[in-house]
Amino acid sequence: MSYLDINSEVVNSDGSSVNSGFVIYKINGCTLKDENNRTITKDVVNGNVKFRYILPEYIHAMKYDITVKYVNNNYELSESTKQIEVNKYALEDLKVRDMVVRRFEDLHINMTIKDAFGDVIKTPSIVTIKINNRTQMRCNVTGGHLDVKLSTSKLLNDNYTVSVIYEKNNIYKAARYDFNVEVVNGNVTIKIADINTKTYSNVTLRAEIRDSDGKAVNGGVVCFKINGKTLKDENGKTITAKVVNGIAVSEYQLPTSMSARDYKLTAVYSNDGYNRAEDNKNFTVTKTDIADINITNITIKSKTNMT
C-alpha cells in the first residue's frame, strides 16, 4: 500500500494563519472523492491542513499535478498546484528454494509475488519462465499468485537454472527470481500378470508399468527371466517387450526341457529416464493333457490257421 501525504499551509496576505474554511484536492484536475463518491474536504486548523491519500491501484508510475484548493465564503478562492512523480513499486527480494524433480514428472512452481512493502501484487501481470535462459512459458498472473507446471520429459539428468521473470508494467518494476532444479531419474513400479500354462505350450508374458503418480508409462523395455535365466530367442538374442501405455507383452514358447513344476518369473524394466525396476512371481507349469486312446483295429498274423 502506498500513500501520499499532502501538507498545506493557509495564510492571510499579511502572513498570519487562517483558522477557518476547508480545502479540496485534485489530481490532474480531477477532484478526489471518497468511497461514497463524496468530495474529500479537510478543515483548516491554525493555518494548517494535513491529508494522507491512499494511492489507488490505477495510479501508474508517472508525473501528476496535485492541486489544493482553499474554500471560504469570506475569502477569495485560492489554489496551489505542485507536480509530483509516482515511481514504480519494487518487488520483494524473494528467495526461492532449490528443487529436485524426477524425469517425466512435472516441475511445479508455486509462489506468491509481493511488493517491497510485503503486499501481494493485485494488478494482472505477465511472467516469463526460463530454463537455462531458454523461454519455456509466458503466462498472465492475477492476484500475485503463480501456480504453473512444466514438463521435464525433454530434460536429461542434470542441474538447471530456472528463472521466473516478472515483467515490468506501469505500476511495478521488473524482477527476476532464479533457483536451481536438479533432474533425476524417475521411479516406476512393475507388476507381472498371473500365468497359467502347461508343458510344451506357448505362454503370454505380461507386465504392467506405472510411474510414482500411478500413470501408465510409455517407452522403455521389459525383459523376462525364468529362475534367473534371461529368456532368449532361437538366435540367442535377449527377448524384450516394448512398453506401450503401461503394458509390455511377450510371447514365449516353452522349451521341451521345461518339465511340469514350479518356477520363478522375473520381469525387469529398463529406461534411460527411470530407475531399474523388477517384479517376481511364482508360477506352475502343469502337465499337458493327452487325448483319449482309441483302439481302431487289431490284426493277428500267424503261420498256421487258427481253429
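**Reading strands, charges and turns**

Mentor: Welcome! Strand 15 and strand 17 (residues 202–211) run antiparallel, with 5 bridges joining them. Keep in mind that this is a predicted model.

Trainee: Thanks! Which residue stands opposite Thr-189?

Mentor: In strand 17, the residue opposite Thr-189 is Arg-210.

Trainee: What is the order of the strands in the open sheet?

Mentor: The sheet has 3 strands in the order 15-17-21, with antiparallel pairing. Strand 15 (188–192) and strand 21 (247–253) are the edge strands, and each of them pairs on one side only. From one strand to the next, the twist averages 20°.

Trainee: Let me pick a residue there. Where is Asn-202 placed, and which residues is Asn-202 in contact with, leaving aside its neighbours within four places in sequence?

Mentor: Asn-202 belongs to strand 17. Leaving aside neighbours within four places in sequence, its contacts are Glu-251, Tyr-252 and Gln-253. With Glu-251 there is a polar contact between the two side chains, at 2.9 Å. Asn-202 counts as partly exposed because its relative accessible area is 45%.

Trainee: How many salt bridges are there?

Mentor: The count comes to 8 salt bridges. To read one, look for a side-chain nitrogen of Lys or Arg within 4 Å of a carboxyl oxygen of Asp or Glu. One of them joins the side chains of Glu-208 and Arg-210, at 3.1 Å from N to O. Glu-208 has a relative accessible area of 31%, so it is partly exposed.

Trainee: What distance, N to O, goes with the salt bridge of Asp-178 and Arg-176?

Mentor: Their side chains meet at 3.1 Å. Asp-178 is partly exposed, with 42% relative accessibility, and Arg-176 is partly exposed with a relative accessible area of 42%.

Trainee: Which side chain meets Lys-281 in a salt bridge?

Mentor: That is Asp-194, at 3.1 Å from N to O. Lys-281 lies in strand 23 while Asp-194 is in the loop between strand 15 and strand 16 (197–198), so this pair ties together parts that are 87 residues apart in sequence. Lys-281 is partly exposed, with a relative accessible area of 23%, whereas Asp-194 counts as exposed at 64%.

Trainee: Now for another charged residue. Is Asp-279 buried or exposed?

Mentor: Asp-279 is buried, yet it has no salt bridge. Its nearest side chain of opposite charge is Lys-281, 5.8 Å away.

Trainee: Which backbone nitrogen does the side chain of Asp-279 reach?

Mentor: The side chain of Asp-279 reaches the backbone nitrogen of Ile-192, at 2.9 Å. Asp-279 sits in strand 23 (residues 274–286). Not counting residues up to four places away in sequence, it touches Ile-190, Lys-191, Ile-192, Leu-265, Thr-266 and Ala-267.

Trainee: I would like to learn about phi as well. Which residue takes a positive phi in the hairpin of strand 10 and strand 11?

Mentor: The general idea comes first: most residues other than glycine have a negative phi. In this hairpin, which has 2 residues between the strands, Asn-132 takes a positive phi near 50°. Strand 10 (residues 125–131) and strand 11 (residues 134–141) run antiparallel and are joined by 7 bridges. Within this pairing, Val-127 stands opposite Cys-139 in strand 11.

Trainee: And where are Asn-227 and Asn-245 found?

Mentor: Asn-227 is in the loop between strand 18 (221–226) and strand 19 (229–230). Its phi is positive, about 55°, although it is not a glycine. Asn-245 lies in the loop between strand 20 (240–242) and strand 21, and it also has a positive phi of about 55° without being a glycine. Asn-227 is partly exposed, with a relative accessible area of 41%, while Asn-245 counts as exposed at 54%.

Definitions and conventions. Residues numbered from 1 in each chain as written. Predicted model: local features only at pLDDT ≥ 70, side-chain atom pairs only at ≥ 80, totals over all residues. Heavy atoms only, no water. Pairing = 2+ DSSP bridges. Helix = DSSP H or I, 4+ residues; strand = E, 2+ residues; numbered from the N terminus. Buried < 20%, exposed > 50% of the residue type's maximum accessible area, 1.4 Å probe, protein only. Lys, Arg positive; Asp, Glu negative; His and termini not counted. Polar contact = N/O pair within 3.5 Å; in protein donor to acceptor, adjacent residues only side chain to side chain. Contact = heavy atoms within 4.5 Å. Axes fitted to C-alpha atoms, helices over the stretch in contact; angles between N-to-C directions.
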